[in-house]
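The following note sets out points for a colleague who has the sequence and the model at hand. It moves from the overall fold to individual residues.

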Amino acid sequence: MQVSFALFADAANLSQEGKLNVLGVFDALQVGSLPAVHPRAHLVVHLKGTQADVGRHTVTLRWINPKGSELWTSSGELNVGQPPTGVTEMDLPMIAQIDLPIDAAGAYHMSVSLDETQRAEVPVQVRTVQAVRP
């Protein structure tokens, strides 16, 4: 399985037709003070699979702060079904709605692993609001 792209967005969903809709892609956040939580970020991971990927897979997400410490982790199962006859490549979109804990300004990233192998890193730069002096 390959990761076509992975990103953070304000919102994402799958239409009834199976189309991936993504709104408000971002790679930076500005917070008023620290510590903080950025609520309801949508992590969008677009996977491409083949017949060889049919079956169960483990997906692990790890939110890493600028010092390299893990602030949040979650694992789940991805079940890839048999594709229709003649289909050689499958689109496998994954959307996770996450509250992102923030403990310092700097470069964060979400590590995305499949079956215990890291497949993507989604960077997010966090900045604090500078106080305005009169």
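A contact, as the word is used below, means that heavy atoms lie within 4.5 Å. The model discussed here is predicted.

1. Overall architecture. The protein chain has zero helices and nine strands. The C-alpha trace spans about 70 × 30 × 20 Å along its principal axes.

2. Burial and surface. Of the 134 residues in the protein chain, 35% are buried. The accessible surface of the chain is about 8,100 Å², and carbon and sulfur atoms account for 48% of that area.

3. Contacts across the sequence. When contacts between residues at least 6 apart in sequence are considered, 67% of them join residues at least 24 apart.

4. Charges. The protein chain carries 9 positive and 13 negative charges.

5. Aromatic pairs. A search of the whole structure gives three aromatic pairs. In one of them, the ring centres of Phe 8 and Phe 26 are 5.8 Å apart and the planes meet at 20 degrees, so this pair counts as stacked. Phe 8 belongs to strand β1 (residues 2–14) and Phe 26 to strand β2 (residues 20–26), so that the pair links parts of the chain 18 residues apart. Both Phe 8 and Phe 26 are buried.

6. A further stacked pair. The rings of Trp 63 and Tyr 108 have centres 5.2 Å apart and planes at 15 degrees, and the pair is therefore stacked. Trp 63 is in strand β5 (residues 55–64), whereas Tyr 108 is in strand β8 (residues 106–114); the two are 45 residues apart. Trp 63 and Tyr 108 are both buried. Ring pairs join Phe 8, Phe 26, Trp 63 and Tyr 108 into a cluster.

7. Leaving aside residues up to four places away in sequence, Val 44 touches Phe 5, Ala 6, Leu 7, Ala 12, Leu 20, Val 22 and Met 94.

8. Val 44 and the aromatic residues. Val 44 and Phe 8 are 36 residues apart in sequence, while their C-alpha atoms are 6.2 Å apart in space. Phe 8 is also a member of the ring cluster described above.

Conventions:
Residues are numbered from 1 along each chain as its sequence is written. This is a predicted model: local features need pLDDT of at least 70, side-chain atom pairs count only at pLDDT 80 or more; totals for chains, interfaces and linings use all residues. Side-chain values use heavy atoms; hydrogens and water are left out. Helices (H or I, at least four residues) and strands (E, at least two) are DSSP runs, numbered from the N terminus. Buried means under 20% relative accessible area, exposed over 50%, partly exposed in between (1.4 Å probe, protein chains only). Accessible areas come from the Shrake-Rupley method with a 1.4 Å probe; for residues, only the protein chains shown count as cover. Lys and Arg count as positive and Asp and Glu as negative; His and the chain ends are not counted. The place of a charge is taken as NZ of Lys, CZ of Arg, CG of Asp or CD of Glu. Rings of Phe, Tyr and Trp (its six-membered ring) pair if their centres lie within 6.5 Å; planes under 30 degrees apart count as stacked, over 60 as edge-to-face and the rest as tilted.
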